[in-house]
Amino acid sequence: MTSPTTATSASRTASAASASARTESTAARDTGLLLLRVVIGLTMAAHGTQKLFGWFGGGGIEGTGQFFEMSGYPSGEAMAVVAGLAETLGGLGLAVGLLTPLAGAALVGTLLNVLAVKGTGSFFAPKGVEYELLLTAVAAALTLTGPGRWAADRFVPVLRTPQPRHGVLALVLAVVAAGVVLAVRT
């Protein structure tokens, strides 16, 4: 028979081990989210700067605007600015974890337009949608999960603790905005 002291000691040991496992699991999760945020965020920010400034071999506003007009969007240069800002600011926001639901939604909305323009003719690169679909899925997942502990959102009171409704509302906004933009495309 175990004494009450032994049972209490065993219970404390089990609780401490459980808390330690949760801490390690949370640290691993936060590290994974940080890695995803930084890589996807900076990748998308770089794409945005191609559109806005012509950096990294991009077309700048004029060249990207011509592409948008050829793809059926009205006012190509204005659409280039909108897409470039969404990708640059959304990407940077995602990378640092600032306003993560809105940053992710900006990327998802833009990427939904990319998927619609590329169509469903092929899945694999170079003409397929696998890359864009992967970016869209990761941006949507980060919008829903939140940025993790190592993010600027920890200093934004309403976003300090990720709420599923923030991510869901942001994704609804992204889909609606993408739909509106696609509706004006000829």
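1. Before turning to the helices, a definition is needed: an axis here is a line fitted to C-alpha atoms, for helices over the stretch in contact, and angles run from 0 to 180 degrees between N-to-C directions. Two packed helices are described by the angle between their axes and the distance between the axes.

2. A word on the basis of this note: the model is predicted, with local features needing pLDDT of at least 70 and side-chain atom pairs counting only at pLDDT 80 or more, while totals for chains, interfaces and linings use all residues. Residues are numbered from 1 along each chain as its sequence is written, and side-chain values use heavy atoms, with hydrogens and water left out.

3. The protein chain has 6 helices and 0 strands, where helices (H or I, at least four residues) and strands (E, at least two) are DSSP runs numbered from the N terminus. Of the contacts (heavy atoms within 4.5 Å) between residues at least 6 apart in sequence, 65% join residues at least 24 apart.

4. Helices H4 and H6 deserve a careful look, for their axes come within 8 Å and cross at roughly 35°. The residues that meet include Leu102, Ala105, Val108 and Leu112 in H4, and Ala170, Leu171, Ala174 and Ala178 in H6. The residues of this contact divide into 14 nonpolar, 3 polar and no charged, when Ala, Val, Leu, Ile, Met, Phe, Trp, Tyr, Cys and Pro count as nonpolar, Asp, Glu, Lys and Arg as charged, and the others, Gly among them, as polar.

5. The structure holds 3 salt bridges, each being a side-chain nitrogen of Lys or Arg within 4 Å of a carboxyl oxygen of Asp or Glu. In one of them, the side chains of Arg149 and Asp30 meet at 2.5 Å, N to O. Arg149 lies in the loop between helix H5 (130-145) and helix H6 (164-183), and Asp30 in helix H1 (residues 4-53), so the pair ties together parts that are 119 residues apart in sequence. Arg149 is partly exposed at 32% relative accessibility, whereas Asp30 is buried at 1%.

6. Another salt bridge joins the side chains of Lys51 and Glu87 at 2.9 Å, N to O. Because Lys51 lies in helix H1 and Glu87 in helix H3 (residues 76-96), this pair ties together parts that are 36 residues apart in sequence. Lys51 is buried, with a relative accessible area of 16%, and Glu87 is buried as well, at 3%.

7. The side chains of Glu132 and Lys118 also form a salt bridge, at 3.0 Å, N to O. Here Glu132 belongs to helix H5 and Lys118 to helix H4 (residues 100-118), so the pair links parts that are 14 residues apart in sequence. Glu132 is buried at 11% relative accessibility, while Lys118 is partly exposed at 32%.

8. A cis peptide bond, with omega of about 10°, joins Ala125 and Pro126, and Pro126 lies in the loop between H4 and H5. Ser75, although not a glycine, has a positive phi of about 50°, and its place is in the loop between helix H2 (60-70) and H3. Leu99, which is not a glycine either, has a positive phi of about 50° and is found in the loop between H3 and H4.

Terms used:
Buried < 20%, exposed > 50% of the residue type's maximum accessible area, 1.4 Å probe, protein only.
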